[in-house]
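I opened my notebook to look up a few things here. The entries follow in the order I made them.

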Amino acid sequence: MASSSIFRRIGGLVVLSSRRACSRGLSTGSEELISSRGIGTAKPINLFSAINQALHIALESDPRSYVFGEDVGFGGVFRCTTGLADRFGKQRVFNTPLCEQGIVGFAIGLAAMGNRAIAEIQFADYIFPAFDQIVNEASKFRYRSGNQFNCGGLTIRAPYGAVGHGGHYHSQSPEAFFCHVPGIKVVIPRSPQQAKGLLLSSIRDPNPVVFFEPKLLYRLAVEEVPEKDYMVPLSEAEVIREGSDITLVGWGAQLSIMEQACIEAEKDGISCELIDLKTLIPWDKETVEASVNKTGRLLVSHEAPVTGGFGAEISASIVERCFLRLEAPVSRVCGLDTPFPLVFEPFYLPSKIKILDAIKSTVNY
Amino acid sequence: MALYLSKYGKILPHLQRKKGFLGLISRSPWSSRFRQNGAALSDSSRTSHAVLCEIPIVFTSRRFESVRADKELIPLQSASDPQALNFPGGIVKFTPELKFLSEYPEERMHCYRVLGENGEIVSSNFVQIDKDIALKMYKDMVTLQTMDTVFYEAQRQGRISFYVTAIGEEAVNIASAAALRMDDLVFPQYREAGVLLWRGFTIQEFADQCFGNKNDYGKGRQMPAHYGSSKHNYFTIASTVATQIPHAVGAAYSLKMDGQDACTITYFGDGGTSTGDFHAAMNFAAVMEAPVILFCRNNGWAISTPVDEQFRSDGIVVRGQAYGVRSIRVDGNDALAVFSAVHAAREMAISESKPVLIEALTYRAGHHTTSDDSSRYRPAEEIEWWRAAQDPVARFRKWLEGEGLWEAQSEAELRAYARNEVLRAIQVAERINKPSVEEVFTDVYDVPPPNLADQEISLGETIRRHQLDSSV
């Protein structure tokens, strides 16, 4: 697994270019945010602190917002909710019983009354008892009522992804299940600065959002994060590395692995363009399409098992749009079709080596 | 007691290995006591009891240490009662008896009733109802019964695809609604159209939803009888069972936090109480101290499953105590009893910020839905008996007649009027167009995302190319 120094460097990379500016090669996004003209002071903090800041701001800016879940009262098992109960009181920040379907069902009721209900699921691996409430209730709440009711104030946060020693039940990436559900949004940040802005956008978006946080990055990723209130837009992908030979698409912690592969590929003269999808549904097809029209090649990488993973949707959509432009089949470098194994984690995961091999074989197709 | 000993016996070596496990525990006095008394402990309950009480205060006090330091430590052992211990969760007394709590109570929980089967008052403890309210209750019960009968016939004729009746549960529907205020939010299952009727939903509005025409507030998206109305504070019905119960709890919590003088009520059947959502909601309601009335219509049947294949508890009312929720069992066919119980529950829920569970015993005199023929799994005589002898509408009428508030002439007029109103509403609803095809794509999100915009264009092309009739 990547060392902590890599993550700091990734964090320090800062957004190279936003979707709109990529053709001009200009830097936008957080550089502006951090500049002296922009939003004020920024400090290097890790992911859980960035999430914590977002939650503080969310609760401060809307008195009818709530944070709850298992163990959030004392700060949470990943410290994302530190200080919230002390500052906003135990009626707004509270522990719930150990029951994910109750957490989400209760949250839907709160959100249906116009509150911002920020529910935490302790690990994405445990979100499944709440799947019925998410799929049958939250996602359909507005539609089935003819827009008389909605639970748009609902945000469900859960740590996801490989962590080095998590095994079957502390490592899963279940995003694909949720990407198949019309009516909700699925958002996954790649870094502290992105996470704070995306979480605030998710909380304030008038639709229910499932927000997966890469747990590996909670402590390991450190980045300059503005202290103020800011939002990163949903459903806008970002080109975080420009290139001309192949487009790589990913999200969350996987992007840093992909970036290492891009750097190595460059030594072999392959210029890689790397895109952070950020929002998986509704996803920004145009940015990816524009990039593939430029490069003619696409590689998608995610930790989740390859079969039925979200890479399949990206691949199918891009083939529909860019068939004649494509120089090679779309490559998917993903997790194996197995439960997440413990000691075999390095072999299970879509590692830098696997991605590099796939980049080369796609370019040399 | 033997169980205790072996458990502690196993813990002991574990503790010896991990010195720092409990941090402050002093090993020698405690562990030595066990080794000394290992054999003797099984002899006398007195000694083992004494050992248990000897567990050092430091063992449990470390837990309190992890909480804020300024919190007062609850005394762990009551000086006046050495037969008790303040376990996490509170003081518990010890007993030397190896005694199990029976799975069944001595007697089934009694059922609150105000009106006897002949409409006579049999209780002195009930809420007096205003004459106008009582008359509206009766009229709405008759209207509900009529609407159900006519819509059922309409489904049989193929004019609507599906329908759900509440035959036999008119008192549950109307009387519970009458005891609430409009500010109280309703989270229904799907057999509570009467609650919506009470609140002012018109027959035409019911018909429009059943026909899924463009006047349907749900925009034709759901099956018939899946009503919802924000102006009546009645959340949209979904076919899923019991999923609404935790919603009602969350919404009640919101009312409490907003300082509203209102509660939520959620309805569900006997079958619904077997679900995980029921359990989750009851527990959350108690822990969050939410002002919610959890109203169970125990009508004896979940489609073809009778209650003895649904659960083995004494119905639903006894579950209340299991969660720390106050509960009552009422005669669901007795409008006055239902009214009083809901009225009282509402006051408790709001003033004490507490959930209340009401189990209304009743009978599903109709089929589960129009897709069901219940004579296939229950005797026709049983259905007939309940329909005749326990009809809540008839019982309430008898009481009204006894009060001089109703008479046969009014009855005939009301029934004719109601039937005509329903028939007319059906004829009108049938002729109104369905919603525009655009409504497939709206309200999935607040604003349609690009993929839906694309799909709308694509569907439009299909319709045009093949000249499909999208006016349906």
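How many salt bridges are there between chain B and chain A? I worked on a predicted model, and the count I found there is two salt bridges. I looked up a pairing of Arg64(A) with Asp258(B): their side chains form a salt bridge at 2.7 Å, N to O.

Next I checked polar contacts. The rule gives 18 residue pairs across the interface of chain B and chain A, both residues at pLDDT 80 or more.

Then I asked which elements of chain B give two or more residues to the side that touches chain A. I noted α9 (244-257), α10 (276-288) and α16 (450-465). α9(B) gives the most, with 10 residues. I sorted the residues on this side of chain B into 19 nonpolar, 15 polar and 10 charged.

Entry on area. Chain B and chain A bury about 3,600 Å² between them. Carbon and sulfur atoms carry 61% of that. His247(B), Phe284(B) and Tyr445(B) supply 19% of the area that chain B buries against chain A, more than any other three residues. I also wrote down who takes part: 44 residues from chain B and 45 residues from chain A.

Last entry, on one residue. Is Gly335(A) buried or exposed? I found a relative accessible area of 2%, so Gly335(A) is buried. Gly335(A) sits in strand β14 (residues 331-335) of chain A. Beyond its neighbours within four places in sequence, I listed its contacts, among them His302(A), Pro305(A), Tyr348(A) and Pro350(A). Thr307(A) is 28 residues away from Gly335(A) in sequence, and I read 9.0 Å between them in space, C-alpha to C-alpha.

Terms used
Residues numbered from 1 in each chain as written. Chains lettered and ligands numbered in written order. Predicted model: local features only at pLDDT ≥ 70, side-chain atom pairs only at ≥ 80, totals over all residues. Heavy atoms only, no water. Helix = DSSP H or I, 4+ residues; strand = E, 2+ residues; numbered from the N terminus. Buried < 20%, exposed > 50% of the residue type's maximum accessible area, 1.4 Å probe, protein only. Contact = heavy atoms within 4.5 Å. Buried area = accessible area lost by both parts, 1.4 Å probe. Salt bridge = Lys/Arg side-chain N within 4 Å of Asp/Glu carboxyl O. Polar contact = N/O pair within 3.5 Å; in protein donor to acceptor, adjacent residues only side chain to side chain. Nonpolar A, V, L, I, M, F, W, Y, C, P; charged D, E, K, R; others polar.
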